[in-house]
Amino acid sequence: MVTRSVLLGCGSALPRTVVTNDALVARGVETSHEWIVQRTGIAQRYIADGDEKTSDLATSAARAALAQAGVDVGVVDLVIVATTTPDNVFPSTAARVQGNLGITRGFAFDVQAVCSGFVYALTMADNFIRLGQAQTALVIGAETLSRLLDWSDRTTCVLFGDGAGAVVLQSAQGAGTVADRGLLSTHLHADGSQYDHLFVDGGVGSTGTFGFLRMDGREVFRHAVTRLSEVVDEALAANGLTAEAVDWLVPHQANRRIIEGLAKKLHLPEERVVMTIAQHANTSAASIPLALATAIGDGRIQKGQLILMNAMGGGFTWGAALVRV
Ligand code: UT7
């Protein structure tokens with residue numbers, strides 16, 4: 001028998017305001033709905049109003065995940081929030097979420113791995129659970145990334161949105177085979193030599209400001225396709241599986257063309273790929289759990305199915321996770 005982290009529920013939260021591509025044009029961004037849809041697949045994004053904080057979205061998503069899991073908040077002993085847009089420099093947004101939920105036991109912290117943040121956070125929670133240091137974890141990806149956007153830079157401002165998604169993981173015993181429910185394996189990577197392709201040009205320890213998101217999109221795109229397919233191969237091989245066994249690919253939602261390229265490499269038909277980029281745009285660490293919550297919520301993902309998640313982001317960081325729900 002082995003200890004597995006079983007995914008018992010998933011929830012999401014979005015800001016109240018939807019901003020369509022045409023609304024960006026109306027706001028003066030030199031772009032068009034056609035360009036954005038053709039190059040990225042994005043039709044709209046949700047943008048947090050001034051009174052909506054990352055922790056608010058994270059807390060709502062966490063409550064929804066707990067409700068779906070049927071798990072009492074009192075048993076949660078680990079809260080991890082993956083975010084690039086914490087409410088404050090410190091304490092962590094996870095501490096705020098923990099407080100909002102009335103949890104005073106266990107431990108809580110944030111993870112910063114930008115768009116790979118959710119896969120990083122999931123990995124950490126799984127490791128704590130398998131080591132017996134936690135029993136029930138809330139793993140949340142939450143962002144108000146719009147606060148880092150330079151609205152005069154059309155090459156980046158049209159791509160991102162705000163939101164949050166959360167999952168509940170709980171310790172359970174499995175047989176140690178790929179038929180087990182729960183996380184089968186996780187795989188993380190980073191290559192800091194690529195730091196300057198996707199970064200924020202400010203920070204408390206450098207400029208004393210919080211800066212704006214800067215990206216060499218073409219270079220990120222080129223690396224994304226290669227890195228994501230490598231890490232997917234690694235995850236499948238580690239479990240003695242082929243892509244045939246995957247019921248659903250739930251990827252980070254950065255660009256429809258990247259996702260389609262990956263699905264094609266895996267010979268996965270589009271009916272087995274969860275794509276929410278049209279509605280949510282790129283919500284960084286929130287994009288995978290938002291997509292997961294959407295496909296569980298509408299009944300596409302069924303209990304017992306095998307889900308492959310993967311992501312790549314600034315750092316560069318990238319990773320993948322295989323989970324049987
Ligand atoms: O989540 C983290 C990981 N991030 C990613 O994975 C993002 C990866 N990169 C991408 O998704 C794509 O590279 C972008 C969507 C960012 C850009 O698409 P692209 O097909 O690589 O376009 P490009 O940068 O090569 O630009 C093509 C043209 C340029 O004009 P010229 O130089 O050909 O005259 C741009 O100036 O499109 C122009 N352009 C725009 N036009 C209208 C760039 N942004 C816009 C825009 N509206 N918003």
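Which residues are the closest to the ligand, and how many surround it? Select the ligand and its surroundings: 23 residues make up the shell, and the closest are T31, R218, H252, N255 and N282. A residue is near a molecule if one of its heavy atoms lies within 4 Å of it.

Before going on, a word on what you have open. This is a predicted model, in which local features need pLDDT of at least 70 and side-chain atom pairs count only at pLDDT 80 or more, while totals for chains, interfaces and linings use all residues. Residues are numbered from 1 along each chain as its sequence is written, and side-chain values use heavy atoms, with hydrogens and water left out.

**Stop 1: the ligand**

Show the side chains of N255, N282 and W35. The side chain of N255 has an N or O atom 2.7 Å from an oxygen atom of the ligand. For N282, the distance from a side-chain N or O atom to a ligand oxygen is 2.7 Å. At W35, a side-chain N or O atom is 3.2 Å from a ligand oxygen. A polar contact is a pair of N or O atoms within 3.5 Å; within protein, one must be able to donate a hydrogen and the other to accept it, and residues adjacent in sequence count only if both atoms are side-chain atoms.

Now put a surface on the ligand. Taken alone, the ligand exposes 960 Å², and the protein buries 76% of that. Accessible areas come from the Shrake-Rupley method with a 1.4 Å probe; for residues, only the protein chains shown count as cover.

Next, colour by secondary structure. The elements that give two or more residues to the shell are α2 (33–40), α6 (154–157), α7 (217–238) and α8 (256–266). Of these, α7 gives the most, with 4 residues. Helices (H or I, at least four residues) and strands (E, at least two) are DSSP runs, numbered from the N terminus.

What is the shell made of: how many residues are nonpolar, polar and charged? There are 11 nonpolar, 7 polar and 5 charged residues. Here Ala, Val, Leu, Ile, Met, Phe, Trp, Tyr, Cys and Pro count as nonpolar, Asp, Glu, Lys and Arg as charged, and the others, Gly among them, as polar.

Colour by domain as well: domain 1 (2–174) and domain 2 (182–324) each give at least three residues to the shell. The domain bounds come from an automatic or database domain assignment.

**Stop 2: an aromatic cluster**

Select F107, F109 and F128, which ring pairs link into a cluster. The whole structure holds 3 aromatic pairs. Rings of Phe, Tyr and Trp (its six-membered ring) pair if their centres lie within 6.5 Å; planes under 30 degrees apart count as stacked, over 60 as edge-to-face and the rest as tilted.

F107 and F109 are stacked, at 6.4 Å centre to centre with 10 degrees between the planes. The rings of F107 and F128 have centres 5.0 Å apart and planes at 80 degrees, so this pair is edge-to-face. Because F107 lies in strand β5 (residues 107–111) and F128 in helix α5 (residues 117–131), the pair ties together parts that are 21 residues apart in sequence.

Buried means under 20% relative accessible area, exposed over 50%, and partly exposed in between (1.4 Å probe, protein chains only).

**Stop 3**

Most residues other than glycine have a negative phi, and most peptide bonds are trans. Zoom to F90 and P91, where a cis peptide bond has omega of about -5 degrees. P91 is in the loop between β4 (78–82) and α4 (93–100). The bond from G315 to F316 is also cis, with omega near -15 degrees, and F316 is in the loop between β12 (306–313) and β13 (317–324).Move on to V114, in the loop between β5 and α5. A281 has a positive phi of about 60 degrees although it is not a glycine. Look for A281 in the loop between α9 (277–280) and α10 (287–297), where this residue is buried, at 1% relative accessibility.

**Stop 4: two last selections**

Select T84, in the loop between β4 and α4. T84 counts as buried at 17% relative accessibility, and a polar contact of 3.3 Å joins its side chain to that of Q112.

Finish at E34 in helix α2, which is exposed at 55% relative accessibility. The C-alpha atoms of E34 and D22 are 9.5 Å from each other, and the two residues are 12 residues apart along the chain.
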